[in-house]
Amino acid sequence: MAKVLVTRRVPAEAIQLLKDANCELDYWEKDEPIPRDELLNKVKGKDAIFCLLTEKIDGELLDAAGPQLKVVATMSVGYDHVDTKEIAKRNLCLGFTPGVLTDATATLNVALLLAVSRRIVEAAAEAKNGGWGTWKPMWMTGPTLKGSTVGVVGLGRIGVAVCQRLAPFGVAKFLYNDIAPRDDIAKMVDAVFADKDTLFRESDFVVSCTLLTDETRGMFNKDAFSKMKKNAVFVNASRGGVVNQDDLYQALKNGEIRGAGLDVTVPEPIPLDHPLLTLKNCVVLPHIGSAEEQTRTDMATLTSRNILAGLKGDKLPAAAQL
C-alpha cells in the first residue's frame with residue numbers, strides 16, 4: 001500500500017481518488033500551511049508527496065522522505081518552490097497542474113485590470129465612507145481599454161487567454177514579449193512581438209503572465225517602470241518575485257505610472273504595514289487567481305492523478321520539465 005502525504009486541506013474529490021486507489025494517507029487537514037518541522041517528520045517513509053506552493057521541496061525534505069519516494073506532485077502551475085535539480089538527481093517524477101487554471105487566472109487578470117483602471121475598489125470605499133457627493137464630471141475617471149495598446153509579458157496559455165478576453169473591449173493592439181517570438185500562437189490573438197523596452201514604452205496596460213526564473217526575477221523594477229507611460233496600468237497575477245515591490249511603490253507614489261493591480265506578492269501574505277497597501281492606486285488581492293470552485297477541484301484531482309501515475313511508473317498526465 002503506497003503511503004501518500006497530503007500537505008493541506010484540498011477538495012474532497014482529490015482525496016477520494018487516492019483512497020479509491022488504496023493509498024494510505026497522511027493528511028494535514030488544515031487550511032494553514034503545515035509547519036516545516038511537522039512536514040519533515042510526516043514525510044518520512046512516504047512514497048508520494050501532494051504539496052502546494054507553500055512547501056519548500058528541497059534536498060533536506062527529500063532526504064527526510066527516504067529512498068522509497070517516487071513522486072512529488074504540486075497543486076500549482078508554478079514549481080519554483082521545488083528544487084528540480086534535487087528531483088532529477090533522485091530520478092523522481094514531478095507533477096504540476098498546467099492548463100486547468102488558465103481560464104480562472106486569465107479572468108482574474110482582466111478583473112484586476114478593470115478594477116484598477118475603473119478605480120472600482122477606491123470608488124466602493126467612497127460610497128461607504130461618505131465621499132460620494134454630487135455627480136462630478138472629473139471624479140473617479142480612469143483610462144479606457146477601447147483603442148488602447150495592451151502589452152503582455154509571457155505569451156503562454158494564460159497570456160493568450162488574457163488577450164482573448166480583452167479583445168472584445170476594443171483593444172487596438174496587442175504587443176507581447178517572450179524569450180523568443182511565438183508566431184504560432186501570437187496569430188491566434190493578432191499579437192505583435194516587441195522587445196521589452198518597446199512594449200513598456202508603447203503599452204497603455206502592461207500585464208505580467210511570465211514564469212518566475214532567474215531571468216525574470218525582479219524584471220519589473222525602477223528601470224522598467226521609468227519606461228512606461230505615466231498613464232499606464234500594470235497588472236501582475238503571475239509570480240510576486242518578478243516585481244521589485246519597493247520600485248513599484250515609488251513609481252506609483254511619484255506618478256511614474258497610473259496604477260497597479262497585484263494578485264501575488266513577496267512575501268505572501270503581504271505585511272499589513274507594507275507601503276503598497278497605503279496607496280489608493282494599487283489594488284492588492286490575496287493570491288486568488290485560481291479561486292473558482294471547479295478550477296481548484298480540477299487542480300487537486302490532476303495532482304492526485306499525477307501521484308497515481310507516478311506510483312505505477314506510468315507517464316504523468318502533467319509532468320514538469322526537469
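Why is helix α7 largely enclosed by the rest of the structure? Seven of the ten residues of this helix (residues 157-166) are buried, so the helix is largely enclosed; buried denotes under 20% relative accessible area, exposed over 50%, and partly exposed the range in between, with a 1.4 Å probe and protein chains only. The buried residues of α7 are Ile158, Gly159, Val160, Ala161, Val162, Cys163 and Leu166. Their cover includes α5 (102-117), β6, β7 (173-177), α8 and β9 (205-208), where contact is defined by heavy atoms within 4.5 Å. Helices (H or I, at least four residues) and strands (E, at least two) are DSSP runs numbered from the N terminus.

The model is predicted; local features need pLDDT of at least 70 and side-chain atom pairs pLDDT 80 or more, whereas totals for chains, interfaces and linings use all residues. Residues are numbered from 1 along each chain as its sequence is written, and side-chain values use heavy atoms, with hydrogens and water left out.

An open sheet is formed by five strands in the order β2-β1-β3-β4-β5, with parallel pairing; two strands pair if DSSP finds at least two bridges between them. Strands β2 (24-27) and β5 (93-95) lie at the edges, each pairing on one side only. On average, neighbouring strands of this sheet are turned by 15° against each other, direction ignored. Within the sheet, β1 (residues 3-6) and β3 (residues 48-51) pair in the parallel sense over three bridges, and Val4 stands opposite Ala48 in β3.

Two helices that pack on this sheet can be described. Helix α1 (residues 12-20) touches β1, β2 and β3, and its direction makes about 150° with that of β2. Helix α12 (residues 293-312) touches β1, β3, β4 and β5, with a direction at about 170° to that of β4. Axes are lines fitted to C-alpha atoms, for helices over the stretch in contact, and angles run from 0 to 180 degrees between N-to-C directions.

According to UniProt, in an unreviewed entry, residues 110-289 carry the feature "domain: D-isomer specific 2-hydroxyacid dehydrogenase NAD-binding"; UniProt positions follow the numbering used here, feature names are shortened, and annotations may be inferred rather than shown by experiment. Over residues 110-289 the chain is 30% helix and 16% strand, and the end C-alpha atoms are 11 Å apart.

Backbone geometry was also examined. Most residues other than glycine have a negative phi, and most peptide bonds are trans. The bond from Val266 to Pro267 is cis, with omega near -5°, and that from Glu268 to Pro269 is cis, with omega near 0°. Pro267 is found in the loop between β11 (259-262) and β12 (282-284), and Pro269 is placed in the loop between β11 and β12. Met140, although not a glycine, has a positive phi of about 60°; this residue is found in the loop between α6 (120-129) and β6 (149-153) and is buried, with a relative accessible area of 15%. Asp190 has a positive phi near 55°. The loop between α8 (183-186) and β8 (191-193) holds Asp190, which is exposed, with a relative accessible area of 62%.

Tyr79 is found in the loop between β4 (71-74) and α4 (84-89) and is partly exposed, with a relative accessible area of 21%. Residues up to four places away in sequence not counted, Tyr79 touches Thr74, Thr84, Leu94, Phe96, Ala320 and Gln321. The side chain of Tyr79 reaches the backbone nitrogen of Gln321 at 3.4 Å.

Methods: A polar contact is a pair of N or O atoms within 3.5 Å; within protein, one must be able to donate a hydrogen and the other to accept it, and residues adjacent in sequence count only if both atoms are side-chain atoms.
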